[in-house]
Amino acid sequence: SITSIIMQYAPIGVFALMVPVVAENGPKVLLPLLKVVIAVYLGCIIHSIAVYSLSVKIFAGMSPKHFFKGIFEAAMVAFTTSSSSGALPVTMRNAQENLGVPQSIAAFVLPLGATINMDGTALYQGVCALFIAQIYGVNLTIGQQLTVILSATLASIGTAGVPGAGFIMLTMVLQSVGLPIEASALIAGIDRILDMIRTSINIVGDASCSVVVAATEGELRETEKKPAS
């Protein structure tokens, strides 16, 4: 297929994009990429624990341990496929069977979330924008940083739930604060690694939303085993 052909030649294209950037700035620009990976993964983990754990605990009375255990299979599918849409059937099954979300709510919230709820993607775009600004020696003002936050959030809403879509929308975030679009070539080489974790966070966020909606509607089924008193 055309998609397969494009994916075969994608590494060559990425290499061609990176050559002029490295030639201009030196090999040293590649070393901080490890920091980008660590920052994105750490940010996604903190966001997941701080936001999703509190959401299901406060609004649904569900223990975070039960929630993450219930959605673990879908998170791993998302991690390996880097596709929110591809993981959607597993996410829906986990939400219904493991988390007690009724089919009517899961069928509405989860497909919608796979399209517009991209917390991991927004976080990734913000980190990458700051990284590129540092590489090029650009000191972003508070106003520009707020612009990055806003544009990353809006860009993530419009991002398709397929592999690599978040990277395409990154160019819009860079353009919003006047950063060179060609600098995104630096991220292209590690984008797949970043895509895996941000997709997992995206679908975990979708699942937490479905649990909260079901709980607020009084339709969340009890699936968590309570300790015997």
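A residue counts as exposed when its relative accessible area is over 50%, and as buried when that value is under 20%. Phenylalanine 108 reaches 59%, so it is exposed. This residue sits in helix H5. The model discussed here is predicted.

**Overall fold**

The protein chain holds 10 helices and 0 strands. In sequence order the pattern is α-α-α-α-α-α-α-α-α-α. Of the 229 residues, 45% are buried. The chain exposes about 11,600 Å², and carbon and sulfur atoms supply 70% of that area. Take the contacts between residues at least 6 apart in sequence: 78% of them join residues at least 24 apart.

**The nonpolar patch**

Phenylalanine 108 also belongs to a nonpolar surface patch. Which helices build the patch? Helix H5 (103-116) and helix H7 (142-157) each give at least two residues to it.

**Helix H6**

Helix H6 covers residues 119-135. Its 17 residues should span 24 Å at 1.5 Å a residue, and the end C-alpha atoms lie 25 Å apart, so the two values agree. Cysteine 128 has 0% relative accessibility, so it falls in the buried class. Just past the helix, glycine 137 adopts a positive phi of about 70 degrees.

Cysteine 209 is another case. Its relative accessible area is 35%, which means it is partly exposed. How many disulfides are there? The count is 0. A disulfide would be a covalent bond between the sulfur atoms of two cysteines.

**A positive phi at serine 82**

Serine 82 is not a glycine, yet its phi is positive, at about 55 degrees. Most residues other than glycine have a negative phi. Serine 82 lies in the loop that joins helix H3 (64-81) to helix H4 (84-97). Is this residue buried or exposed? Serine 82 is buried, because its relative accessibility is 1%.

**Salt bridges**

The whole structure contains 2 salt bridges. Glutamate 73 pairs with arginine 93, with the closest N and O atoms 2.6 Å apart. Glutamate 73 is in helix H3 and arginine 93 in helix H4, so this pair ties together parts 20 residues apart in sequence. The other pair is aspartate 195 with arginine 198, at 3.4 Å from N to O. Both of these residues lie in helix H10 (residues 191-216), 3 residues apart, or about one turn of the helix. In an α-helix there are 3.6 residues a turn, so residues three or four places apart point the same way.

| Residue | Relative accessible area | Class |
|---|---|---|
| Glutamate 73 | 39% | partly exposed |
| Arginine 93 | 33% | partly exposed |
| Aspartate 195 | 3% | buried |
| Arginine 198 | 1% | buried |

Glutamate 73 and arginine 93 are each partly exposed. Aspartate 195 and arginine 198 are each buried.

**Contacts across the sequence**

Leucine 99 is in the loop between H4 and H5. Its relative accessibility is 0%, so leucine 99 is buried. Which residues does leucine 99 touch, leaving out those up to four places away in sequence? They are Met62, His66, Phe67, Gly70, Asn94, Ala207, Val211, Leu220, Arg221 and Thr223. Leucine 220 lies 121 residues away along the chain, but the C-alpha atoms of leucine 99 and leucine 220 are separated by 8.1 Å.

Serine 48 belongs to helix H2 (residues 33-60). With a relative accessible area of 7%, serine 48 is buried. Leaving out residues up to four places away in sequence, serine 48 touches Ser53, Phe68, Ile201 and Val204. The C-alpha atoms of serine 48 and serine 208 are separated by 9.8 Å, although the two residues are 160 apart along the chain.

Terms used: Residues numbered from 1 in each chain as written. Predicted model: local features only at pLDDT ≥ 70, side-chain atom pairs only at ≥ 80, totals over all residues. Heavy atoms only, no water. Helix = DSSP H or I, 4+ residues; strand = E, 2+ residues; numbered from the N terminus. Buried < 20%, exposed > 50% of the residue type's maximum accessible area, 1.4 Å probe, protein only. Patch = residues over 30% accessible without salt bridge, like charges linked within 9 Å, V, L, I, M, F, W, Y side chains within 5 Å. Areas by Shrake-Rupley, 256 points an atom, 1.4 Å probe, with all protein chains shown as cover. Salt bridge = Lys/Arg side-chain N within 4 Å of Asp/Glu carboxyl O. Contact = heavy atoms within 4.5 Å. Disulfide = S-S within 2.5 Å. Expected span 1.5 Å × (residues − 1).
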